Amino acid sequence: MKPIDRAASSAQPLPMPLILLTALAVHLPLLLMKLPLKSYDTNFHIFFASHYLHHWFNPWNSKWYAGFSQATYPPLPQQWIAVLSHVLGLEMGYMAVQMAAILLLVVGVYRFSLLWVSPRAASFAALASVFLGSESFLVYSAGQLATTSAAPIYLNALPYLFEWVRYGRPRAFLKAAILFTAAAAAHHATLLFGSFFFAVPVLALVVMDARSASSEKSTGMGAVAARTIGIVVVVSAAIALVLLPFWIALIHYPVTQTPIPHASRANYILSPQWGLNYFVIPYGALILAIPFIIWRGSIQPRLRPLLLGFWFAFLVGLGGTTPVAHLLLGRAFEVITMERFSYWATLLALPFVGLLAAELIARFRTPALISLMVLAAFTCGFGVAWSTYRPADAESFRVDSAAAWLNRDGHDRYRYVTLGFGNKISRLAVLTDASSVDGEWNSGRLLPELTQNGAGALTSSKYFGAGGMKALRAILRHADHYGLKWVLVHDPSYDPLLTFAGWRPVDDLEDRTIVIWSKDGVPPAQPIPSPQKPPHWQGILWGTLPFGSSLLAILIVLIPDGRHDEEDDSSGAVGQPLVAGTVLS
Amino acid sequence: MKRGALLALVLAALTVLFIAIGTLHPNASARFFAGGEGLLSSASTPEAAARKLGSEIELRAWQRAYNSLGNKAQFTEQEFFHDITGYHESLRTYATLESYEVFPQHATASDADVQLQLHWSTVVGSFTDTRNLHLVRNGDRWVVDWPLVRSKVVPPQVIAVNYLRWDVIYRGAGDDWGIQDVEAPHVRIVDMHPVQRAAGVVILGELLNEDIVPAYVSVRATLQKKDGTPIASEGSFDKISHILLPKQVTPFLISFPNQTLADVGSIRMEPISALVSASADPVIEIQNQQLHPIPDPALTGQLENQSGQIVNVAHIITSFYNQTGQVVWIADQYTNRALMPQTPVPFRIPIPEDLAHSISSERTVVATYRARGVE
Amino acid sequence: MRIGWIAGIASLAFWAAGAAGQTLQVPKSVVAGAAISIPSTGSGAAEIYIVGPAQVLHQKVQLGETITIPQGALYAAGRYLAILSGQSVRGHWAFDVTPSPDLEKISFLARPSRLPVGQANGVSGTVYLFDAYGNLILNPVPVTFQYAAPGGPAQERTLTTRDGVASVEMNSSSRQGNANFVAHAGGVTSTRVVEQVPGDPCSLKMTAQPAGNQILLKTDPVRDCSGNAVPDGTIVTFTETQGDRQTTVDVPLKQGIAQVTVPAEPGARISVASGVVLGNEIRWNR
Amino acid sequence: MRLKLTLLFMLTAAVAGAQTPTVQVAPYHLEGSRPLQQQTAESAVRDYLQAWQSLHAAFLHNQPDLLGRDFTGTAQKQLAHAIAAQTALGLHTTYNDQAHDIQIVFYSPDGLSLQMLDTVTYTQQVFLGDQSIAQQLMKARYVIVLTPAERRWQLRVFEAQRP
């Protein structure tokens, strides 16, 4: 073994507390500043949480789409926000859950990386996760709390999966199953796609590890297959039960929307502005490591499964830049968004990054350390600051006065819709009791006027071209049916439509930047009967099992891993001689 | 080691290959966000040049579009921009280009004529802007000469506006029973005629404001079965002129998609009126109204704004009558350019072919919209 | 469930018997807002509930003494149950609260608030009489209606309410202006202002003069059939027809006349109308 | 004798409570200039009878907002005030209407008010907590004034007197 590797493998890993403190140092101030409130989806999650706060066992929410079921979205992070909001309030409750997810990611990346690389490299990978561009992008620009909280839970489950399938330890089976279930309760898409990008490489690693191990420690392929099938069956059953109302809603009301354009499906070369937004910012300096990842992952057999997992996630994450995403996902390509695949790709790349960092520092000492820290800082910095350069909403304005207006003089006896509010409709929905026919959760809506036209939220109708305007006109035409009397307008370009459709301005707020239009003769809003309204028993299930799975996950993970662990660390890497290639040519 | 290196090369090559395929043959989403054209489009033929100009307009890449024009010396980029998006705030200002079509008209080796149809989507509906482009060959590329439509300059003048304006002091939110009140304006449906069309039942009618105060009006209709149970309820939405001055009449059209007149026993009409602040200005003269027969039946004419204020959007609604004076159809059109004072703006309202022969006269009204903050 | 029934019947029986020795002499009916005295027999502390859809009261009482409900406590007219409830005593008695005869408020609905001149029975007045507590006074009460309008004699009618309501219809006079419509009963007066507005234009006449390459159209002062000037802002529609082409314009009256210029078309026919009233027609031969 | 009557009354009340009331509407002969359309009369009577159901639910569950649809003006204020008072006392009351004898006696020329007289037979039962403290079969002559709202008639005056 060459001197470099001996040094690299024998040096101590960074202490986990140091890495967690680094995460706190970087992200705690940003979260205390409530930076995510400027993101796309944060207020959406806070809105769902505010419903759970008041109706824990009733997922039917009448504030959007004249009534929709929140059982169409896995509830775990939002339920935790609701619980913490009793002490911290909704917004700080959100920040607390996000902080926990960031810390959990550090642990998850470390434990997942141990499967592939040395503890020291794994610790560098965990440190890198603090500065990951895609993590900062999803936390501070996209506000995708579900994705950023499901991934850490999932990563923490994978080592137990390895341990169960490789060594057949029942305790590992139990931990893996519960953690996978909790991950699904946080975000079902992470589990569905994560199985392909994360779990398959881990299982491949088990097969490779089993074959190359000495005779007494090897495991027959039959046992590997049986254990794999076993845990897949158990986890599938658990997820089916824990998210039963979700699957029932999905089966009865499959998402049959007309596809809505999303920039993450653009070609990042033909549309460079989206390439910057969905590739350069999320990957950041990691782009420089891609050649190393491909080379080292190829020449080192043990890392090949991880490399292939990264490669597929990388290609799908490129959206419309390659035909791969469209081929693999089919019709789903037009429904889901691609930035989460880039996120998963960067997580899969972290073990390689840790390995590269360890070898560079071992070889070049301080210069390497300084360069790596500068690259990490810029990557994290741009990810965090991106919401300033490309804000979710071109304008920042307050909706509190609009909510106060709706809450007084019986205005909330009627329904309302906003125009030009962007994603502030979530915050408005938190602050008012009035019901709207609009919303930001396209998969949960059933109003025919919205589902038949390829448009997102009505408040941004004009950005969806003719389809968007058709949806808006259809809803305004049926205003009487929905008791839709108020239109809160922040974008005067819609005024001609309202004028000719029979609305009249009746009030204005925020120095005339918000004008409230009203229509005469609209009867008070009545509940719109919907077959999607979940029965009471589903509400009970929804309020107990998902949250319960997370409590169970916390308890289970606290149980020590048992006697076997001292003999052979679950990461087979330590014993494995590292084939030193030329680190950086 | 060799197998690893091979794997690395294969993965790298595949990555580059996929990116190349995805960029040269972008899928629908990629094309949508890239402005509808891949890198392949070039101005090698008249149609390709016109299509390239269309996609640059769609992307609102005004400088790139202007720089590609052959006759750009005759006008500035600002004039080119305003010719497309309107010189004053109008429906064009916020319109988005939904799609465009290119129709070759005539071509020789050195020049060609192509018709470019730009289909715009606005908040009140769509409109098509047709431009007949003349193209000239310049080496291996074709260059477009843009047919600029200049806006007529209104001579500087002072126009006295002293028409009436009404303002209303509304009752408070308290109980209104048995106290002094000013009730809603008295309006009356003077004509109502349900017809069966392919798309469903349509109710045609006219509403008079017989009061001495301006009225906000709309009409709601409920189709009822023979036993009185309601079948469907719809409103006039934007197929009516909502503000009526005293003694003014508006047509209204209420459509009931997918309904059949045979199922209808009775129709309950609900005219809704409310007191509103209104101004008796602007006065719009509808000149040179002419009915055109088949094969392309339509009503044409031009609007002239007789007041001193700019009208940002005008909505033209026409009642078509048969020989006996009964209303047989109602159609409408929005002007996509602002109405400047004393500047005629043409309009054209298509008429359904199956009704064209039965139409003998018409009556047109105009509703107007002036942008917020313009007093 | 069966045990619950039996227990219920048993306690009922006991209750009915226990009440025989202790009782209240509740009056058949009382006037709204008046103080009420209810003699009672028996002894010991108890509670009295007075329950009706319009009001609910409660008071602790000492049996054997006269129970007094203070003035103004029970004011809503209607049917009530007086319920006595105590340790070993319970009973209930039905009684009525009738409206106070003193008229306090008139709800006077005068419609419409605007009507054209010269309308027979054009104005309707409906009054509902209430006492100080908002109870409808059901006894017959004489009500006098007076309608004084410009250009016409004052009209006066006296009617008697039935079940608290009376209604009348008056004619609008021939001249536009504000009319005072008064309802008077039991020392209480309520006045409404009714605006008499001009009727449809009567004779609509226009003139046409050349104005460059245009025609200046101008109406005479527009008046209704009673000579009232039709209000400014009323729409007058000019229509110029030349062959199969037509020009129309809706012009609001300004200081009583409508004026507009239209393109000069030789041989054109020009007509004028306002609402459902047609004016004269001019053939332009210049 | 009173005991038997009360027992009989309880049974009938329990049974009757589940049934819809018998309704008689006398033919109306109105003097006013405005003719009362048959459809208008039917909707006014229907809305009035539904008002009794809302009244029953509101007083049973002590929920004044259940009155919002059917009552307005003085009547709504009085009834809501009564519900608040009985809630504070720990009472709740049921008004089970069994029979209506309705007569429309007035329809204003402007169509904005309509008066009915209704001789109602109903059971009033008062509960203190869960215990019934009084139950009485009542007969009253109600004077009702209805005024039109957006989609239905609402009761503005709802005053009882001895039949």
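This is a predicted model: local features need pLDDT of at least 70, side-chain atom pairs count only at pLDDT 80 or more; totals for chains, interfaces and linings use all residues.
Chain A contains 24 helices and 6 strands, and its C-alpha atoms fill a box of roughly 85 × 50 × 45 Å along the principal axes. The radius of gyration of chain A is 25 Å, which agrees with the value near 25 Å for a compact globule, because that is what the globule rule gives for 585 residues. Of these 585 residues of chain A, 56% count as buried. Among the contacts in chain A that join residues at least 6 apart in sequence, 77% link residues at least 24 apart.

Within chain A, the packing of two helices can be described in detail. The axes of helix H13 (residues 286-299) of chain A and helix H16 (residues 339-364) of chain A come within 9 Å, and they cross at roughly 80 degrees. H13(A) is therefore roughly perpendicular to H16(A), since angles of 65 to 115 degrees are classed in this way. On the side of H13(A), the contact is made by Leu286(A), Ala289(A), Phe292(A), Ile293(A), Arg296(A) and Gly297(A), which meet Thr346(A), Ala349(A), Phe352(A), Val353(A), Leu355(A) and Leu356(A) of H16(A). By class, the residues of this contact between H13(A) and H16(A) comprise 9 nonpolar, 2 polar and 1 charged.

Contacts between chains were also examined. In the pairing of chain A with chain B, 44 residues of chain A are in contact with 47 residues of chain B. The elements of chain A that each supply at least two residues to the side touching chain B are H13, helix H14 (304-317), helix H15 (324-329), helix H21 (465-477) and helix H23 (495-501). Of that side of chain A, the largest share comes from H23(A), with 6 residues. The side of chain A that touches chain B has 22 nonpolar, 13 polar and 9 charged residues.

The contact between chain C and chain D takes 39 residues from chain C and 42 residues from chain D. Elements giving two or more residues to the side of chain C that touches chain D include helix H1 (2-18), strand E3 (45-51), strand E6 (78-86) and strand E10 (123-130) of chain C. That side of chain C has 19 nonpolar, 14 polar and 6 charged residues.

Key. Residues are numbered from 1 along each chain as its sequence is written. Chains are lettered from A and ligands numbered from 1 in the order in which they are written. Axes are lines fitted to C-alpha atoms, for helices over the stretch in contact, and angles run from 0 to 180 degrees between N-to-C directions. Helices (H or I, at least four residues) and strands (E, at least two) are DSSP runs, numbered from the N terminus. Angles under 35 degrees count as roughly parallel, over 145 as roughly antiparallel, 65 to 115 as roughly perpendicular and the rest as oblique. Two residues are in contact if their C-beta atoms, placed from the backbone, lie within 7 Å. Ala, Val, Leu, Ile, Met, Phe, Trp, Tyr, Cys and Pro count as nonpolar, Asp, Glu, Lys and Arg as charged, and the others, Gly among them, as polar. The radius of gyration is taken over C-alpha atoms; the globule rule is 2.2 Å times the number of residues to the power 0.38. A residue is buried if 20 or more other C-beta atoms lie within 10 Å of its own, exposed if 12 or fewer, and partly exposed in between; C-beta atoms are placed from the backbone.
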